[in-house]
Amino acid sequence: MRTRIASLSGLPFIAVGILAVAGRIAAPQTPAAAAPLPPAKPAVTEKAREKAVPAKILFGAKALPSAGKSMAVGYYHKGCLSGGVELPINGPNWQVMRLSRNRNWGHPTLIHFVEKFAAQASKTTGWNGILVGDLGQPRGGPAVSDHASHQTGLDVDIWFMPMPDQVLSKEERDTIQASNLVAADWKRLNPQTWTPQHVAFIKAAAQQPEVERVLVNAAIKKELCRVEANQPHAWMAKVRPWYGHHDHIHVRLRCPADSPQCKPQEPVTGSDGCGPKELDFWFSDKVIPPRKPGPPGRQTMLADLPPACKGVLEAPDKKTSVATENRK
């Protein structure tokens, strides 16, 4: 009997404990104070972006040309292109290489030149046609790869390699390497790649009246001077040595009449450029062997370009072309 009473005597305490636990469970939980949010960053204005972002990023981001009249603006190394026109990636006598770069845009004068020269070069050399490297970006301007010129839609690189008799795939166009015509010592030509057709090829480009310059490697210029020494060669003055250019010619056109803001290059002198004074430097220790490019200098900003380039950059897109659709 005492044992039963003792066990029952603990019930009030158990009940109180149960109620206390239940009370704690049922009690509303006070939420912890939320941490204050960091202040919102002020929106970057277009003006601030133009001051902070290099021009090559701004122009490289434009996949299409600007609407409006086609005009070359500024200088070959510091300018832009309004109303750019696309060179079709395939033609009767040409194929465009490096499609992933999206640099087959130019002023209409340049597009017409490439189409005309492709047919003429094919006839002159006996090649199937030409392989076309860089023209310019859709709106010109500095390129992400720091390709210095090609900014106004008036420059084009054309490979020293004949176009094959089949249409190259996009992968082939991005991976095939152009032929190097210069020997390993950079002082003479490589007899395994240099042919008489290359003389006719360069000559055909330089003889075009709209061409201002044809840039080639110094070893190529020296050989042209030797081969053409006893021939009339007024065109030779346009062919000038420049760093690199061992696997392609760089053709530069004069400022077109429809582009009043295009800054012309100084015309060539009366010299054919074949004398020791013009050539010796290119075979000196200052040039050979070729140096690796140094660290990039100050970046070109939008403010460094002609004022009209701001309007070109901000203009609405021009409609896509057949060539753009074929790229996909």
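Modeller: Happy to! Let me start with W282, which is buried at a relative accessible area of 11%, where buried means under 20%, exposed over 50% and partly exposed in between, using a 1.4 Å probe and protein chains only. A word on the basis: this is a predicted model, in which local features need pLDDT of at least 70 and side-chain atom pairs count only at pLDDT 80 or more, while totals for chains, interfaces and linings use all residues. Residues are numbered from 1 along each chain as its sequence is written, and side-chain values use heavy atoms, with hydrogens and water left out.

Rings of Phe, Tyr and Trp (its six-membered ring) pair if their centres lie within 6.5 Å; planes under 30 degrees apart are stacked, over 60 edge-to-face and the rest tilted. That rule gives nine aromatic pairs. One of them joins W242 and Y243 edge-to-face, with 5.2 Å centre to centre and 75° between the planes. W242 is partly exposed at 43% relative accessibility, and Y243 is partly exposed as well, at 46%. Y243 also pairs edge-to-face with W282, at 4.9 Å centre to centre and 65° between the planes. Because Y243 lies in the loop between β10 (239–241) and β11 (248–253) and W282 in the loop between α9 (276–279) and α10 (308–314), this pair ties together parts 39 residues apart in sequence. Here helices (H or I, at least four residues) and strands (E, at least two) are DSSP runs, numbered from the N terminus.

Elsewhere, F113, F117, W127, F160 and F201 form one aromatic cluster. Among the buried residues of α5 are F113 and F117.
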